[in-house]
Amino acid sequence: MTTTDLLTTLCDISDRAAFNRWAGFTVSHAAPGEADLTLVWRDDLGQYAGFLHAGLAGALIDTACGFAAVTLSGAVLASTFTVNCLAPAMGERFIARGRVIRAGRKQVFTSADLFAVKQGKAKLVATGTAILVPSAA
C-alpha cells in the first residue's frame, strides 16, 4: 500500500469513529509503521487548570499507536496501554506521533510521543506505549 493509500485508510477509519470526530482528531501522517494525529486546542478539551485533559492525551497516544499498528497489521484492538505525563499539556495544537516497535503475528508493540505546539515550538508533554492484537474487525 502506498503512503497516500495508508493516509486515506486511516482518515476513513478515524472519520467513522464518533469519539475521534467529537474530539477533532485529524490524521496528519501515515507511512508503514507510523501514524501522526493532530488535535487543535479547544477550551472544552481542558481540565480544571486549562491544560489538555490527561484522558485526551491518553486517547491521542492510544489512537496514534493503534493507527501505526493498522498500517502493518490491519485491524487491531488495544490489549494494554500506558501514558506518562511529562509536563502540562498547553498549546495551540497537539501532535501525537505513533510508531510500531515490533509487529508480530499475535501482538503489535508500539510507542507514541505527544507534543504541544505553542507559537510554532513543539514541546514533548507525554509519552506512551501500547500492545495491540490483530483482530478480524
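1. Basis. Residues are numbered from 1 along each chain as its sequence is written, and side-chain values use heavy atoms, without hydrogens and water. In this predicted model, local features need pLDDT of at least 70 and side-chain atom pairs count only at pLDDT 80 or more, while totals for chains, interfaces and linings use all residues.

2. Pocket. The largest pocket (an open set of points on a 1 Å grid, with protein on both sides within 12 Å along at least five of seven lines) holds about 220 Å³ of space. Its lining comprises 13 residues, a lining residue having an atom within 4 Å of a point. G66, F67, V70, V76 and L132 lie nearest the centre of the pocket.

3. Lining. Helix α3 (54-73) and strand β3 (76-85) each supply at least two lining residues; α3 gives the largest share, 5 residues. Helices here are DSSP runs of H or I with at least four residues, and strands are E runs of at least two. By class, the lining has 9 nonpolar, 3 polar and 1 charged residues, with Gly counted among the polar.

4. Helix pair. The axes of α1 (residues 3-16) and α3 come within 11 Å and cross at roughly 130 degrees. The crossing is right-handed.

5. Contact. Heavy atoms within 4.5 Å define contact. On α1, L6, L10, I13 and S14 take part; on α3, F67, V70 and T71 do. These residues divide into 5 nonpolar, 2 polar and no charged.

Note on methods
1 Å grid on protein atoms, 1.4 Å probe; cavity = no way out; pocket = protein on both sides within 12 Å on 5 of 7 lines; lining within 4 Å. Points joined across faces, edges and corners; volume = space filled by probe spheres on them. Axes fitted to C-alpha atoms, helices over the stretch in contact; angles between N-to-C directions. Left-handed = near helix turned anticlockwise from the far one by under 90°.
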